[in-house]
Amino acid sequence: MTKTSLLAIALALAPLSSLAAGPRPELQPSARFSVYGHGAAATPPMGWNPWNAFRTEVTQDKILSVAETIKRNGMQKAGYRYVNIDDGWWLQRRADGGIQIRTTMFPMAASRSGPPSLRPWTDHLHAMGFKAGLYTDVGRNACSQAHDAHSPNLPVGTVAQREIGLEGFEASDLATMFGEWGFDYIKVDACGLADFGEGSKALASATYREGRPLIVRADAQATDADKVETAYARVGRLLAGLNPDDDFVLSICPWGEAGVGNWGGRHGNLWRTSADIEPNWDSMLHNFDTASRRELYAGPGRWNDPDMLAVGLGEFDARHPVEARTHFSMWAILAAPLLVGFDLNHASPAQVAMLTNPEVIAINQDAAGNQGRIVFHEGDVQVLVKPLAQRGERGVLLLNRGNRAVQARVDAAQMQLDPGEPMQVRDAWAGRDLATSGAVLEFDLPAHGSMLLKVRGKPASGDATALGDISGRIHVAVDGLSGYSARPAEVSGTPRVDATPAGQPLRIAGTTYARGIGIHADSRLEVKTAGEFSRFQALAGVDDAAAASGGTVQFRVYGDGRLLFTSPALARGQAPVPINVDVRGVQVLELVAEAAPEAGSAAASASRASTPVVAWAHADLR
Ligand code: GAL
């Protein structure tokens, strides 16, 4: 088709009003990679947190003895650096605005003149070679106050004295924790914004002030996501200001509520995608599922957090080595933070060996920071592929979620490798190469079993770099779902690598494309090209998964804010438009897909039930 005839179609299909109005503000290029960009989380944080083992029944001695064990048993060397304090460390808010530390729990804090300080604690951990983590809440009160009513370690005193959360004290509390006390990591919980509303259990005790909940769990409509985001954004800004050396980690903890999955990476280094993990198989699977389709949100400095590891506890204890290893492999392939949560003083040598396996940890800590993505899911079998920093290398997890033995397979195409070229396959847990032939790898997996591989081959994209192989360098600036946040992610989907948001193959006008990005319009992706590439090529079009009456979409490409490419308005069923642009020197490439309102009805677009699914197929940099 000639350029002129394409243009004619464009003019016929695109309601002029929408194009004349110019792009929506959030679809304007930002010319930057708009992630948080602060903190020391280039790879997923690793460490230990006492919550899953001790809840609030924790003391200085218990934590120290675990820290000493981590130092002695090889875990510190393997990368576990953060030793964190969770809920329970506070006694009350003082009249001068400071927080009184519970010195019965941390006698070390009382060892100085003046108000207790946790500086001796962080000094001690630092001297042991660890980083020190602390816990607070973004609201006025903490989670134990709502959910651990029988804890002996709840804040005491008047209603005001029990308000140990950050709200109203953000700047001074964080200055104390990071400036005076010297912490390196903070987990900021959110119960203060969720659990102290009218009718809540906590309020009935008459020891807390009522607050209109900004988070109503599992109810996106009643949740005020913007206010929650604003509160965390403030914490992120304050921490960046307090830590000019960027040696800190901000863990955001609203349990997947308030759309945190979409904005967490703009304000912090990790964000919880789900409710608390419980030490059983189903809970572990559930938490995994809340993160496993969000590969486009993770990257160096920002990680989906399906919660701390339950390894060592319940159905993952020493009597369940298969489940423990599979759980650990799942967190490894996701590039999830690795925060162990059991009393390591009771760890068996086999458990320590598991937690310190160098090749498995290397997959989790790979410098590219790509999160593994699901390339196959049928019945109980899932296969995830994580492109590694070394060109053509992938971490691959074959996973049996069910309780019957299965056979699982993965082929070269699923790994985005050239099936005609040889592959080297290594069993990561065993640390040995596997003799393989052909382009298909097959394994028998016992109930709850898995196989974690490192595979090396020739990328299917040849000499080019597929965007899917550098998903850690992509930021979903606008996901095409805003305004539809009331719908759970399972229904509306999230932008995906090599698949539509619903997990189907990318398909434009009847042709299937093996690689690319699937996303809804209106959307904007930022790609950190960092001046390393010279051309960007793709085939952009409305995916066949879009509704037949879905209107048209215009595709635009920007390099450092400069318009490099504009497509005509394309409807479902139309052939994709080829893109081939010069990106030499470009630091940030932006891919925009903007839907035009359905013909004749501008109002209809505002109330659209869904937005068209689009595909940036064969989107490659070279
Ligand atoms: C929960 C949080 C847990 C733990 C607990 C402390 O909200 O998800 O990881 O920190 O609070 O009370």
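Which residue in strand 7 is the bridge partner of Tyr185? The tour begins there. The model on display is predicted: local features need pLDDT of at least 70, side-chain atom pairs count only at pLDDT 80 or more, and totals for chains, interfaces and linings use all residues. Residues are numbered from 1 along each chain as its sequence is written, and side-chain values use heavy atoms, with hydrogens and water left out.

**First stop: the parallel sheet**

Select Tyr185 and then Val249, its bridge partner in strand 7. Helices (H or I, at least four residues) and strands (E, at least two) are DSSP runs, numbered from the N terminus. Strand 6 and strand 7 (residues 249-253) are paired in the parallel sense by five bridges; two strands pair if DSSP finds at least two bridges between them.

Next, display the whole sheet, an open one in which eight strands follow the order 9-8-7-6-5-2-1-10 with parallel pairing. Its edges are strand 9 (303-305) and strand 10 (338-340); each has a single partner strand, so one side of each is left without a neighbour in the sheet. From one strand to the next, the twist averages 25°.

Return to strand 6 (residues 185-189) and select Lys187, which lies in it. Is Lys187 buried or exposed? Lys187 is buried, with a relative accessible area of 10%. Buried means under 20% relative accessible area, exposed over 50%, and partly exposed in between (1.4 Å probe, protein chains only). Leaving aside residues up to four places away in sequence, Lys187 touches Asn49, Asp86, Leu134, Tyr135, Thr136, Ser251, Cys253 and Met308. Contact means heavy atoms within 4.5 Å.

**Second stop: a pair of helices**

Select helix 4 (residues 60-72) and helix 6 (residues 119-127), which pack at an angle of about 15° with their axes 11 Å apart. Axes are lines fitted to C-alpha atoms, for helices over the stretch in contact, and angles run from 0 to 180 degrees between N-to-C directions. The angle makes helix 4 roughly parallel to helix 6 (angles under 35 degrees count as roughly parallel, over 145 as roughly antiparallel, 65 to 115 as roughly perpendicular and the rest as oblique). Show the side chains at the contact: Gln60, Ile63, Leu64 and Ala67 of helix 4 meet Trp121, His124 and Leu125 of helix 6.

Now select the open sheet of six strands, ordered 11-12-13-18-15-16 and paired antiparallel. Strand 11 (373-378) and strand 16 (432-434) stand at its edges with a single partner strand each, so one side of each is left without a neighbour in the sheet.

Begin with strand 11 and strand 12, joined by five bridges. These two strands form a hairpin with two residues between them, and Gly379 in the turn has a positive phi of about 60°. Continue to strand 13, which seven bridges join to strand 12. Here the hairpin has five residues between its strands, and Gly392 in the turn has a positive phi of about 80°. Select Lys386 to find Gly395 of strand 13 opposite.

How many residues of strand 12 are buried? Seven of its seven residues are. Val381, Val383, Val385 and Pro387 point one way, while Gln382, Leu384 and Lys386 point the other way.
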